[in-house]
Amino acid sequence: MTQAKVSQANVPQASLTQASLTQTKKKDSAASWRHYNFTTAGPVDDYLYSMLPKRDEVLAEMEDYATEHKVPIVGPAVARVLQQLAIMINARTVFELGSAIGYSTIWWAQAVGDKGRVIYTDGDRKNTERARGYFARAGVSNRITLHTGDALEFLSEQKQEFDIIFNDVDKEDYPRVLRLVAPRLRKGGLFITDNVLWSGRVAEKNPADARTKAILEFNRKLYDAKEFYTTLLPIRDGLAVALKK
Ligand SMILES: C[S@@+](CC[C@H](N)C(=O)[O-])C[C@H]1O[C@@H](n2cnc3c(N)ncnc32)[C@H](O)[C@@H]1O
């Protein structure tokens, strides 16, 4: 999709009716990728999702597949924020750590335009093959480079500076990702990370779980890093947006 088409598609279609809200509740709130009632009270969450424009056929099919197979995709509310941020900084290059079936990758690919480049990474070859099929059907294959293997290792080999680096790998690796990012991001670029509220577990008093501890360490260090200006958006499972100064 070109950038012009992105902006057209993003215009809200119709005002919310009680019927559409009820329908949204029934159909979608059980989707595996929703964090219903965690960061936003259930009815408000339903309202936010009911406002989203209808996705195209491929993205809608991926959302259904993710729900059926419990693939932890970002879902359309966060994906739209990602795409909006990419458009706002006129991003042309995106490096994604942890791409799974390629759902968030397609949103990036639509944002970067025909001359843009998105690097897909995932450790699971089956995910890569499924993603490849979706990219072809979505008409964005020419904008995406697929890499199967360790995303952190691949990022560490990169010599170029990206406009956006998106982090969605295993949570224990978040502190290590942070150490790799700054030299590979342009000034004015964005380092974006999903799941930074970890279903609210970041607010526990003494969390024992290694993933929660890693996210807490990551969030603290990201806020303290002098290279970044960071905010933490409480959408879905929490999205950290860090601007490279
Ligand atoms: C949360 S899912 C990614 C979802 C995707 N960003 C989306 O929203 O559509 C995380 C994925 O990261 C992959 N993964 C986790 N750690 C990884 C690593 N170190 N290197 C490559 N892939 C990794 C997993 O295989 C999994 O498919």
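Modeller: The largest nonpolar core has 57 residues, and those with the most contacts inside it are Val94, Trp108 and Ile164. A nonpolar core here is a set of buried Ala, Val, Leu, Ile, Met, Phe, Trp, Tyr and Cys residues joined through C-beta atoms within 7 Å. A residue counts as buried if 20 or more other C-beta atoms lie within 10 Å of its own, as exposed if 12 or fewer do, and as partly exposed in between, with C-beta atoms placed from the backbone. Helix H6, residues 103-112, gives the most to this core, with 7 residues. Domain 1 (15-69) and domain 2 (75-244) both give residues to the core, so the core lies between them; the domain bounds come from an automatic or database domain assignment. In soluble globular proteins, nonpolar side chains tend to be buried together.

The model is a predicted one, in which local features need pLDDT of at least 70 and side-chain atom pairs count only at pLDDT 80 or more, while totals for chains, interfaces and linings use all residues. Residues are numbered from 1 along each chain as its sequence is written.

The protein chain as a whole has 10 helices and 7 strands. Helices (H or I, at least four residues) and strands (E, at least two) are DSSP runs, numbered from the N terminus. Of the 245 residues of the chain, 38% count as buried. Among contacts between residues at least 6 apart in sequence, 69% join residues at least 24 apart; two residues are in contact if their C-beta atoms, placed from the backbone, lie within 7 Å.

Of its 10 residues, 10 are buried, so H6 is largely enclosed by the rest of the structure. The buried residues of H6 include Tyr103, Ile106, Trp107 and Trp108. Leaving aside neighbours within four places in sequence, Trp108 is in contact with Leu82, Ala86, Val94, Glu96 and Val118. After H6 comes Gly113, whose phi is positive, near 80 degrees.

Strand S2 (117-122) is likewise largely enclosed by the rest of the structure, because 5 of its 6 residues are buried. Strand S1, residues 93-97, pairs with S2 in the parallel sense over 3 bridges; strands are said to pair if DSSP finds at least two bridges between them. Within this pairing, Ile119 in S2 is the bridge partner of Phe95. The loop between helix H5 (75-88) and S1 holds Asn90, a residue other than glycine with a positive phi near 55 degrees. Asn90 is partly exposed, with 13 other C-beta atoms within 10 Å.

Together with helix H8 (151-156), H6 and S2 each supply at least two residues of the shell around the ligand. Of the 20 residues around the ligand, Gly98, Ala100, Tyr103, Ala151 and Val169 come nearest; a residue is near a molecule if its C-beta atom, placed from the backbone, lies within 6 Å of it. The shell divides into 8 nonpolar, 6 polar and 6 charged residues. In this division Ala, Val, Leu, Ile, Met, Phe, Trp, Tyr, Cys and Pro count as nonpolar, Asp, Glu, Lys and Arg as charged, and the others, Gly among them, as polar.

Some individual residues complete the picture. Tyr65 lies in helix H4, residues 57-69, and counts as partly exposed, with 15 C-beta neighbours inside 10 Å. Not counting residues up to four places away in sequence, Tyr65 touches Val71 and Ile101. Tyr65 and Ile101 are 36 residues apart along the chain, and their C-alpha atoms are separated by 9.4 Å. Lys159, in the loop between H8 and strand S4 (162-167), is exposed, with 6 other C-beta atoms within 10 Å. Lys159 and Arg184 are 25 residues apart in sequence and 7.2 Å apart in space, C-alpha to C-alpha.

Asn195, in the loop between strand S5 (185-194) and helix H10 (210-224), counts as buried, with 22 C-beta neighbours inside 10 Å. Its phi is positive, about 70 degrees, although Asn195 is not a glycine. Finally, strand S6 (residues 228-233) and strand S7 (residues 239-244) pair in the antiparallel sense over 6 bridges, and Val241 in S7 is the bridge partner of Thr231.
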